[in-house]
Amino acid sequence: MVNRVVESIERGKRFLVTSHIRPDGDALGSELALYHVLRGLGKQVVVYNQDESPENYRFLPGADAIHHTLPALHDFEAAFILDCGEMERVGKEGQRIRQIPTLVNVDHHLTKGEFCDITVNDPSASSTGELLYRIFREMSHHIPAEAANCLYAAILTDTGGFRYACTEKETMLAAGELIGYGANPQWLSENIYENNSPVKLFLMKRVIETLDIETDSRIGSLEVRQKACEEVGARPEHTDGLVDLPRSVRGVEVSVLFTEASDGLVKVSLRSKDRINIEPLARSFGGGGHMNAASCRIGGDMALVKKRVFQALRESLDEQGFHGNRGS
């Protein structure tokens, strides 16, 4: 299948590159890396995202070239849909993008089925960035420093700074080779992780007050209320990384962030330690993700949603043999 991707790149002249709504580091890093590689091959490329890029990723090379209005599509020969398991995740323009003759999907999430003409999907990969690196390597094409930095950022963020279980030998080898192509780990880490706006810290202060550790210490949670966001001027991007805070507590196996959304739903972000698989639970609520990182959106009152999720989590942890009380 990688060969078919390479063939589509070699054959085409004008490409659209897109990813999911509320793009994260993997989505943006992958899009921009592909943008730089395609341009280096003399191709015409447009990167489109429905939503604005979070502040801490706007330093990435090429980030200012991302479009947020979809142009006319009749000239595009192929579209790359990156880090998406279904076209609906692209947002309101997903159906229009389907009109492009060749659709190529590169993703590392568990999917509901193929929705593109060409699909490269490997749930064992750390990130979509790592999959793209494999494709570029197959092309035997020099990776420019701009693309190397973007790919490194994609891998860095989706592995939690190389801390998550998805970090394999191949992941580290890819990161090391990207440094050889010009990626700058210190510059990337400082801009991504040490460049928070005051608004994010003010929101964090409010959210920490909602910290809840279940009595058996296995589950820790935080709440992000719409009122708190409004009072400090926070946007959805300012909640990035908050889900990891309860997981830093000794004995907590699963961390959950409950975020009130403007559409009346509650976004549930989940992170787990060890070999605890939370993806099936997220999928049972209509979401998905990976073994140690998943999410879903549930309708209802915050308290009721928390009750449902906690009950399902307890049952899942018991089934997997994690009975709590590892620390105090």
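Tutor: Contact here means heavy atoms within 4.5 Å. With residues up to four places away in sequence set aside, Thr128 touches Asp26, Ser30, Leu82, Asp83, Val106, Asp107 and His108. The model is a predicted one, in which local features need pLDDT of at least 70 and side-chain atom pairs count only at pLDDT 80 or more, while totals for chains, interfaces and linings use all residues. Residues are numbered from 1 along each chain as its sequence is written, and side-chain values use heavy atoms, with hydrogens and water left out.

Thr128 belongs to helix 4, residues 128-138 (helices, H or I of at least four residues, and strands, E of at least two, are DSSP runs numbered from the N terminus). With a relative accessible area of 0%, Thr128 is buried (buried is under 20%, exposed over 50% and partly exposed in between, for a 1.4 Å probe and protein chains only). Its side chain also makes a polar contact of 2.8 Å with the side chain of Asp83, where such a contact is a pair of N or O atoms within 3.5 Å, one able to donate a hydrogen and the other to accept it within protein, and residues adjacent in sequence count only if both atoms are side-chain atoms.

Thr167, in the loop between helix 5 and helix 6 (169-180), is buried at a relative accessible area of 18%, and a polar atom of its side chain lies 3.0 Å from the backbone oxygen of Tyr164.

Turning to nonpolar packing, the largest nonpolar core has 48 residues, among which Phe80 and Phe136 touch the most other members (a core is a set of buried Ala, Val, Leu, Ile, Met, Phe, Trp, Tyr and Cys residues joined through side-chain atoms within 4.5 Å). Helix 5 (residues 145-158) gives the largest share of this core, eight residues. Beyond four places in sequence, the residues that Phe80 touches include Val5, Ile9, Phe15, Leu34, Val104 and Val106. A second, separate core of 23 residues includes Val254, Val256, Phe285 and Met302.

Phe15 and Phe80 form a tilted pair, 6.1 Å centre to centre with 45° between the planes. Because Phe15 lies in strand 1 (residues 14-18) and Phe80 in strand 3 (residues 78-82), this pair ties together parts that are 65 residues apart in sequence. Phe59 and Trp187 form an edge-to-face pair, 5.0 Å centre to centre with 85° between the planes. Since Phe59 is in the loop between strand 2 (44-48) and strand 3, and Trp187 in helix 7 (residues 185-193), that pair ties together parts that are 128 residues apart in sequence. Trp187 counts as partly exposed, at 32% relative accessibility, whereas Phe15 is buried at 0%.

Key
Rings of Phe, Tyr and Trp (its six-membered ring) pair if their centres lie within 6.5 Å; planes under 30 degrees apart count as stacked, over 60 as edge-to-face and the rest as tilted.
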